[in-house]
Amino acid sequence: MNKPLIVIGGGHAGAQMGASLRQEGYDGRIVLISAEDTLPYHKPPLSKAFQKDPATQPQVLRAEGFYSDNAIELALGQTVERIDTHDRTVSLSDGRKLGYSTAVLATGAKARSIEALDGGFTNCLSLRTLADANALRDAAADANDIVVIGGGFIGMELAFTFAGLSKNVTVLEAAPRLVGRAVAPVVSDHMHARAQTAGIRIVTDTAIEAVDGNAGRITAVRVKDQAPVPADLVIVGVGVDADNRIAREAGLACENGIAVDDHLRTANADILAIGDCANYRHGLIDRKVRLESVQNATDHAKHAARTITGTLRAYDDVPWFWSDMGDTKIQMVGVSFGADEHILTGNREDNAFSVFHLSAGKLVAVDSINQPAVHMISRRLIAAGHTPQPHEMTGGAEGLKQAYKAISDAGR
Ligand SMILES: Cc1cc2nc3c(=O)[nH]c(=O)nc-3n(C[C@H](O)[C@H](O)[C@H](O)COP(=O)(O)OP(=O)(O)OC[C@H]3O[C@@H](n4cnc5c(N)ncnc54)[C@H](O)[C@@H]3O)c2cc1C
């Protein structure tokens with residue numbers, strides 16, 4: 001039998017990979033191998049709706065019939081332990097060895113841990129998978145004092161979710177501001193204020209010094225210059241690292257993720273890497289990045305499918321991301337890194353505003369707070385490489401639509 005194309009990892013990127021290959025007309029065998037024993041599912045709800053109600057079920061990305069209808073063979077609950085690039089095989093956790101024609105690494109990322117908390121405490125959890133989400137939901141049901149370590153997206157989403165369930169939530173953040181790696185300072189300030197209004201205690205510029213424990217459980221977290229923070233449950237949300245173990249061991253170059261070229265191929269022509277695990281040069285900003293978002297995972301898969309079926313184009317899809325924190329939807333498009341001018345529009349008091357980031361006069365990113373129409377039209381403008389006039393930016397969604405209409409009418 002012909003050697004199949006093997007997709008390693010059944011998350012957002014891996015599941016889309018199978019679908020996109022079929023859409024692009026790939027008619028060879030496809031095997032999707034996933035360490036998780038469930039059908040690929042949506043991850044974003046796990047820190048939001050899924051935590052709010054014990055009856056909420058995971059949402060699968062595609063029903064089981066989709067895979068059988070499209071002849072995508074599933075090997076669920078199986079981990080690829082090793083890739084042998086010489087005889088082009090992968091070794092599975094059940095002892096099988098499968099040959100591949102092409103392998104696509106879609107292994108995602110793993111939650112980071114903190115050394116001070118490495119004591120095997122039963123009430124110290126992190127969130128990456130459905131199994132983690134189930135464990136967290138069960139633990140939170142019996143917890144009153146919840147300490148969230150890390151004020152990034154996942155930490156803050158969980159903080160708002162649990163504060164909404166009347167828990168005492170404290171967020172401990174090492175940096176001077178919340179979600180500092182991703183959003184403008186004004187957005188951090190805004191979310192800090194809204195978190196406090198929601199009853200969340202925020203401590204920034206802090207460091208975990210130690211924990212108090214009893215019978216294998218943390219009872220309090222000690223941070224510098226503060227009284228111990230009582231804890232029934234500690235959630236560690238300090239970011240993720242690319243899951244590149246099998247790539248590294250196979251001799252593929254890795255630096256903050258698996259290194260790939262503009263077409264998402266590793267240096268080994270038969271192996272590609274996509275999604276959270278891939279480090280690539282982004283055509284839009286001309287620098288190397290590893291992005292963690294559903295958009296990046298999905299668009300990578302579509303792009304890799306085109307690479308495999310013979311259409312070579314440098315990847316330059318505009319990155320975008322969203323996060324829900326309580327009643328606030330944050331949407332971001334573009335990459336604000338290196339921007340030197342920031343234009344604030346809308347009204348913070350109404351919890352509806354946007355920040356336009358410009359670099360040398362060119363629009364490179366927009367952060368929107370509860371302004372989905374601004375976000376949507378900004379995606380088009382950035383993709384078109386067009387910078388609206390200041391009055392068009394301050395004109396909200398209508399002003400931006402006018403700007404976009406003008407370039408569309410001009411055929412640009
Ligand atoms: C709680 C949570 C909330 C999020 N919210 C948002 C949001 O609001 N908006 C947004 O844009 N993004 C959000 N994200 C990020 C988004 O989910 C990720 O960027 C996306 O899942 C990346 O897709 P991926 O396929 O690259 O990796 P993953 O979805 O992590 O999938 C990787 C899969 O590969 C499997 N795997 C790894 N190694 C092997 C192996 N050796 N053999 C077999 N299988 C393997 C893993 O078990 C996993 O199933 C959220 C993430 C989490 C965890």
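1. An oxygen atom of the ligand lies 2.9 Å from a polar backbone atom of S293, a polar contact in the sense of a pair of N or O atoms within 3.5 Å (within protein, one must be able to donate a hydrogen and the other to accept it, and residues adjacent in sequence count only if both atoms are side-chain atoms). The model is predicted: local features need pLDDT of at least 70 and side-chain atom pairs pLDDT 80 or more, whereas totals for chains, interfaces and linings use all residues. Residues are numbered from 1 along each chain as its sequence is written, and side-chain values use heavy atoms, with hydrogens and water left out.

2. An N or O atom in the side chain of R128 is 2.7 Å from a ligand oxygen, and a backbone N or O atom of W322 is 3.1 Å from an oxygen atom of the ligand. The protein buries 94% of the 1000 Å² that the ligand exposes when taken alone (Shrake-Rupley method, 1.4 Å probe).

3. The shell around the ligand comprises 34 residues, the closest being A13, E36, K48, R128 and D276; a residue is counted if one of its heavy atoms lies within 4 Å. By class, 14 are nonpolar, 12 polar and eight charged (Ala, Val, Leu, Ile, Met, Phe, Trp, Tyr, Cys and Pro are nonpolar; Asp, Glu, Lys and Arg charged; the others, Gly among them, polar).

4. At least two shell residues come from each of helix 1 (12-23), strand 2 (30-34), helix 5 (153-163), helix 8 (294-308) and strand 22 (320-325). These elements are DSSP runs numbered from the N terminus (helices H or I, at least four residues; strands E, at least two).

5. The domain assignment gives domain 1 (5-109 + 242-308), domain 2 (113-238) and domain 3 (327-410), with bounds from an automatic or database source. The ligand lies between domain 1 and domain 2, because both give residues to its shell. Taken over C-alpha atoms, the centres of domain 1 and domain 3 are 32 Å apart.

6. T161, in helix 5, counts as buried because its relative accessibility is 6% (buried means under 20%, exposed over 50%, partly exposed in between; 1.4 Å probe, protein chains only). Its side chain reaches the backbone oxygen of S47 at 3.0 Å. Beyond four places in sequence, T161 touches S47, K48, Q51 and K52 (contact: heavy atoms within 4.5 Å).

7. T102 sits in the loop between strand 6 (97-99) and strand 7 (103-105). At 16% relative accessibility, T102 is also classed as buried. Leaving aside residues up to four places away in sequence, T102 touches P4, L5, I6, D270, L272 and I308.
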